[in-house]
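Hello,

Here is the structure I promised to pass on. Please open it alongside these notes; what I found follows below.

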Amino acid sequence: MIIDIHGHYTTTPPAHQAFRDNQLAALASSSQPVPWPAQISDDAIRESIEHNQLKILRERGGDVMLFSPKASGMEHHVPDPDTATAWARASNDLVHRVGELFPDTFVPVAQLPQTPTGPLDPVIAELRRCVEELGFVGCNLNPDPTGGYWTSPPMTDEYWYPLYEALVELEVPAMIHVSASCNPNFHALGAHYLNADTSVFMQLVQKDLFDRFPTLNFVIPHGGGAVPYHWGRYRGLAARLGRPDPSELLRNVVFDTCVYHQPGIDLLHEVVPADNIVFASEMLGAVRGADPATGIEWDDTLRYVEGTGLAEGDRRKVLELNARRVYPRLDRRLAAAGR
């Protein structure tokens with residue numbers, strides 16, 4: 001089985017974005033009514049999926065995709081908690097419906113209603129609703145809800161502890177994933193996302209978060225940002241700071257394979273143990289189209305993983321077994337279906 005742990009609903013029916021636009025208009029003007037989520041038919045959802053993620057997944061040989069709302073659309077920089085909650089709820093309900101319509105293929109992962117330094121109570125409440133009522137198996141967690149200005153506490157700060165307690169209790173990992181960039185210095189897809197992946201790893205190097213939460217699991221996407229490329233730098237910094245070697249973090253941290261060329265995937269596998277790599281593509285996400293040098297679609301990451309020449313045991317870990325370990329609710333769901 002091939003499990004892609006990083007998919008986003010980037011092809012939602014237009015009515016969903018219209019709801020968001022109306023939300024923002026209502027925040028900007030008190031004369032605008034607070035909108036209701038869009039009424040979207042099952043047929044509209046099917047059409048948005050069958051000709052996009054489902055078609056490509058099948059063509060490339062994938063079996064299951066963990067599916068969350070569009071990352072850049074989470075827009076956690078909007079500071080109103082009620083708006084954030086309504087938007088997250090509508091977005092999560094939509095990916096839940098995708099999972100209901102295509103239960104053998106798409107498994108939902110939650111957007112959290114974060115706001116800059118905002119309260120975590122509504123965040124935890126939406127997490128619980130998604131996991132306990134709707135069967136979600138994970139969530140996306142934004143370390144920088146400001147969208148590139150980084151005023152929130154580091155992810156090792158006690159501010160985050162109530163959320164971590166809920167994640168541990170519910171047995172769901174968090175994928176570290178920022179949203180839109182509001183800072184013109186940081187292109188969202190080419191800088192902001194990779195900055196966040198790299199910055200959070202260094203935060204983990206500096207503190208003992210996993211001593212407090214030994215069963216908390218993080219997925220750092222996009223191949224870990226700069227981490228594998230600069231592994232020696234992090235080892236050297238850890239030694240200089242009197243911190244444990246970064247390899248200790250691998251008890252709780254895995255990296256995905258959203259790296260869009262063969263040398264990058266090769267490096268990831270040379271530096272990071274096979275036990276700590278999970279297959280992912282983020283198809284129809286940040287990078288679309290084909291590499292003109294090879295003709296391979298940029299986000300056809302299975303081609304790159306297969307190109308590393310992994311031993312069969314390691315290949316199965318990367319493509320299936322690690323995902324089932326890191327996402328225990330996914331494993332139980334698949335096992336219940338005899339998969």
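Start with helices α12 and α13. α12 covers residues 312-326 and α13 covers residues 328-336. On the α12 side, the contact is made by Ala323, Arg324, Arg325 and Val326. On the α13 side, Pro328, Leu330, Asp331, Leu334 and Ala335 meet them. By type, the residues of this contact are six nonpolar, three charged and no polar. Do keep in mind that this is a predicted model.

Now the overall picture. The protein has 13 helices and nine strands. Its C-alpha trace spans about 55 × 45 × 40 Å along the principal axes. The radius of gyration is 19 Å; a compact globule of 339 residues would have one near 20 Å, so the two agree. Of the 339 residues, 53% count as buried. Take the contacts with a sequence separation of 6 or more: 77% of them join residues 24 or more positions apart.

Next, the cores. The largest nonpolar core holds 67 residues. Which of its members touch the most others? They are Leu127, Leu163, Tyr164 and Phe218. Phe218 is worth a look on screen. Setting aside residues up to four places away in sequence, Phe218 touches Leu141, Tyr164, Ala174, Ile176, Leu204, Leu209, Phe210, Asn252, Val253 and Val254. Another core, of 19 residues, lies apart from the largest one. Its members include Ile5, Val254, Ala280 and Leu334.

Arg129 sits in helix α5, residues 121-134. Is Arg129 buried or exposed? Its relative accessible area is 9%, under the 20% limit, so Arg129 is buried. Beyond its neighbours within four places in sequence, Arg129 is in contact with Arg89, Asn92, Asp93 and Leu134.

Asp104 is in the loop between α4 (81-101) and β3 (106-108). With a relative accessible area of 54%, Asp104 is exposed. Leaving out residues up to four places away in sequence, Asp104 touches Asp63, Val64 and Arg339. How far apart in space are Asp104 and Ala15? They are 26 Å apart, C-alpha to C-alpha, and 89 residues apart in sequence.

Best wishes

Definitions and conventions: Residues numbered from 1 in each chain as written. Predicted model: local features only at pLDDT ≥ 70, side-chain atom pairs only at ≥ 80, totals over all residues. Heavy atoms only, no water. Core = buried A, V, L, I, M, F, W, Y, C linked by side-chain atoms within 4.5 Å. Buried < 20%, exposed > 50% of the residue type's maximum accessible area, 1.4 Å probe, protein only. Contact = heavy atoms within 4.5 Å. Axes fitted to C-alpha atoms, helices over the stretch in contact; angles between N-to-C directions. Helix = DSSP H or I, 4+ residues; strand = E, 2+ residues; numbered from the N terminus. Nonpolar A, V, L, I, M, F, W, Y, C, P; charged D, E, K, R; others polar. Rg over C-alpha atoms; globule rule 2.2 N^0.38 Å.
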